[in-house]
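Visitor: Hi, could you walk me through this structure? I'm new to this, so please take it slowly.
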Amino acid sequence: MFDGLTTVSPSLRPTSRGGSETPLPQLPPALNSPEDCQKRAQLPPLPQVECIARARIPTTNDTEIYLHLYANDIDQKEHLAIVFGENIRSKTLFRQRGANEPSQDRMTRGAYVGKLYPGRTDANEDTKMGLKLVFDETTGELLGEPACDPTLARIHSECYTGETAWSARCDCGEQFDEAGRLMGREGRGVIVYLRQEGRGIGLGEKLKAYNLQDLGADTVQANLLLRHPADGRSFGLATSILLDLGLEEIKLMTNNPDKIIAVEGNERQVRVIERVPMVPLAWRGLGGGIKSKEVDGYLRTKIEKMGHMLDQK
Ligand SMILES: [Zn+2]
């Protein structure tokens, strides 16, 4: 997965080992044209989210992640946050549920500091690591630990074909791996994983769109032929999840200016301080990456019809 993971580095600057290995962060585009402002004004209010459970996942790449599962008030899907960094904490998960909530209950749902080990009895203090949580006695809210912003963030929409079925029609799997690689290297970051398959149209409709693409349509035309929007995704859940994790300023990994507007939210509750370009591996001249006529067309349509900030190869 996160191929080429190295030890934690505080900086994204290229190393002597790989000068062009990682695109440098940039200032985000201004996004204050009348059209951009209109897009922002049309965003719905942010949904409510609640983190239900969190667990440590050791990965095959020598780094640990904390997987957070969220419920929300606009759909029944289990959206996720893949968190790199033990000290990024969900407000809704850690909030005390009654003054006498048993520590075992808190540890079971993942609201613990440090690491679990056999025999541990206190969710709020890890004596081995010297970590202790402090709460507001009235509200039960977690106190302290000011956010260390901006944090690397990637908003990833589920893509069964690209992540699991080895599809070379898109580069979703590659981008997901790249986000994990960079966050593993920084030791800090969040991938919000939204359950909106096929740009929001669902897997069945996406498969129909693939057949229309084989019949000559591009990715936008295929969706429109099926009477779906070119891109039916929404990102309000991602904004709410980032805020729940205390991340008000982020370095967003994206080429998509509309995604920046959408993720910032209707009142710019989250701010994209930097943009980290996502350059396809096959375009970097370092070997590897997806090579297919389908992915070429997919990327070309993103650039020509969807305004992605990527220099066409
Ligand atoms: Zn995909």
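Visitor: Okay, how many disulfides does the structure hold?
Guide: Keeping in mind that this is a predicted model, the structure holds zero disulfides. As background, a disulfide is a covalent bond between the sulfur atoms of two cysteines.

Visitor: And Cys159, is that buried or exposed?
Guide: Cys159 has a relative accessible area of 3%, and because anything under 20% counts as buried, Cys159 is a buried residue. Cys170 is buried as well, with a relative accessibility of 3%.

Visitor: Moving inside, which residues have the most contacts in the largest nonpolar core?
Guide: That core has 38 residues, and those with the most contacts inside it are Ile155, Val190, Val192, Leu242, Leu245 and Ile250. Helix H8, which covers residues 236–244, supplies the largest share of this core, namely five residues. There is also a second, separate core of 14 residues, and among its members are Phe176, Ala179, Tyr193 and Met253.

Visitor: What is Val190 in contact with?
Guide: If we leave aside the neighbours within four places in sequence, the contacts of Val190 include Ala81, Ile82, Val83, Ile88, Leu152, Met183, Leu242 and Leu245.

Visitor: New topic: which residues form the nonpolar patch on the surface?
Guide: Tyr160, Leu203 and Leu207 form that patch, and together they have about 260 Å² of accessible area. Leu207 sits in helix H6, which spans residues 203–214.

Definitions and conventions
Residues are numbered from 1 along each chain as its sequence is written. This is a predicted model: local features need pLDDT of at least 70, side-chain atom pairs count only at pLDDT 80 or more; totals for chains, interfaces and linings use all residues. Side-chain values use heavy atoms; hydrogens and water are left out. Patches are made of residues with over 30% relative accessible area and no salt bridge: like charges are joined within 9 Å, nonpolar side chains (Val, Leu, Ile, Met, Phe, Trp, Tyr) within 5 Å. Accessible areas come from the Shrake-Rupley method with a 1.4 Å probe; for residues, only the protein chains shown count as cover. A salt bridge is a side-chain nitrogen of Lys or Arg within 4 Å of a carboxyl oxygen of Asp or Glu. Helices (H or I, at least four residues) and strands (E, at least two) are DSSP runs, numbered from the N terminus. A nonpolar core is a set of buried Ala, Val, Leu, Ile, Met, Phe, Trp, Tyr and Cys residues joined through side-chain atoms within 4.5 Å. Buried means under 20% relative accessible area, exposed over 50%, partly exposed in between (1.4 Å probe, protein chains only). Contact means heavy atoms within 4.5 Å. A disulfide is a pair of cysteine sulfur atoms within 2.5 Å.
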